[in-house]
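Subject: Structure handover

Hello,

Here is the structure I promised you. Please open it beside this email and follow along.

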Amino acid sequence: MNRTIEQDMTNAHRTFAPSESDLGAFIAERLLEVENFLDVAVTQASRLPNESSHHLLNAGGKRARPVLVLLAAQFGDPTRPEVVKAAAAVELTHLATLYHDDVMDDAPVRRGATAAHLVWTNSVAILTGDVLFARASVLSSELGPRAVLLQSETFERLVLGQLAEFSGPEDGTDPVEHYLTVLADKTGSLIAAAVEFGLLTSGAPEDLVPIMREYGEKVGVAFQLADDIIDLTSTGDASGKTPGTDLREGVVTLPVLYVREAAEAGDSAAAEVVELLDSDLSSDEALEAARSALAAHPVTERVRAEALRWADEAIAALDTLPAGEVKDGLVDFARQSVSRVG
């Protein structure tokens, strides 16, 4: 067993099985099946697409979305082979977005590895993402028409979210509301699709779909808000990417929006931070000055509180579910999505 699979199994077991529970062991075992399925799914006959497709897969990752597919499937028959195929399709979709995002953001590192566009070229990275999207679509087609529709609608939201982020808020639109909508499309939609795929492929009761969809959307926003903070406060070793990358690339995040709001409202400390953010951040010294100043400003704590609020709302969406280990696992997942920021 390679080191990446061992790490992913351990992470799943710790998340859902602090006391060696049957559910935690089952999720870990199924995650190994997903990992093996992914390796086969991205394999290509030609050297270049095979190497580029395996690049981020071999870099590891939390496999958070496949875990959610497997967990949601507990409401039906989680042993169905379609569940593993759905989990792989969701992860391939996620991996594809990472290839594209890194090109758009000119990110140098992803999951601790050199970004694919720097290993090869922008064109190779974009085409690799396209190949992974295609593979995800093939897997979805094997799960039936409803799975194809879910995959297509999710793909559309991912792209529209990216376009909305690129274009920015229209005149008269609240920038914060616009940003949260972007997060719901870019991140929340795929996490919501993950739990819905789990329900669909396991034959779970239909009335669970709106409950789990709301949970997934809100967890997704909480997860991304936590990432906004991690970009400011973590070390590169912990986050897998260079701290402050979003700032250097001009990527709008909630801490940046909040600090600009504070500056416009007359907060002199916020105005100093904005001045640093608007300066030339090409040098590591300038980037670090801007990053540390923003991280130290109270708006960062405000974003942390907002992330916790979204996680709490996700948990509240589960109120009508029966108590038990599956519900506990979903609650733990929501909490852990934001516990990464302290």
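Below is what was found, from the whole chain down to single pairs of side chains.

First, some ground rules. This is a predicted model, so local features need pLDDT of at least 70 and side-chain atom pairs count only at pLDDT 80 or more, while totals for chains, interfaces and linings use all residues. Residues are numbered from 1 along each chain as its sequence is written, and side-chain values use heavy atoms, leaving out hydrogens and water.

**The whole chain**

The protein chain holds 17 helices and two strands. Both are DSSP runs, numbered from the N terminus: helices are H or I with at least four residues, strands are E with at least two. The C-alpha atoms fill a box of roughly 60 × 50 × 40 Å along the principal axes. The radius of gyration is 20 Å, which agrees with the value near 20 Å for a compact globule of 342 residues. That radius is taken over C-alpha atoms, and the globule rule is 2.2 Å times the number of residues to the power 0.38.

Of the 342 residues, 52% count as buried. Buried means under 20% relative accessible area, exposed means over 50%, and partly exposed lies in between (1.4 Å probe, protein chains only).

**The cores**

In soluble globular proteins, nonpolar side chains tend to be buried together. A nonpolar core here is a set of buried Ala, Val, Leu, Ile, Met, Phe, Trp, Tyr and Cys residues joined through side-chain atoms within 4.5 Å. The largest has 63 residues, and L68, L92, F197, M212, Y215, L318 and L330 touch the most other members. Helix 5 (residues 81-105) gives the most to this core, with 13 residues. Which residues does L318 contact, leaving aside neighbours within four places in sequence? They are I211, M212, Y215, K327, L330 and V331. Apart from this lies another core, of 31 residues, including L254 and W310.

**The salt bridges**

Side chains of opposite charge can pair when their charged atoms come close. A salt bridge is a side-chain nitrogen of Lys or Arg within 4 Å of a carboxyl oxygen of Asp or Glu. The count comes to 20. Look at three of them.

- D102 and R110 meet at 2.7 Å, N to O. D102 is buried, because its relative accessibility is 2%.
- R146 and E206 meet at 2.9 Å, N to O. They lie 60 residues apart, R146 in helix 8 and E206 in the loop between helix 9 and helix 10. R146 is partly exposed at 36% relative accessibility, and E206 is partly exposed at 48%.
- K218 and E313 meet at 3.0 Å, N to O. They lie 95 residues apart, K218 in helix 10 and E313 in helix 16 (residues 298-316). Is K218 buried or exposed? K218 is buried, because its relative accessible area is 16%. E313 has 28%, so E313 is partly exposed.

Salt bridges that share partners also join R146, E196, E206 and R213 into one network.

**One more stop**

H178 sits in helix 9 (residues 175-202). H178 counts as buried, because its relative accessibility is 17%. Not counting residues up to four places away in sequence, H178 touches A164, E165, G168, P169 and T173.

Best wishes

Definitions and conventions. Contact = heavy atoms within 4.5 Å.
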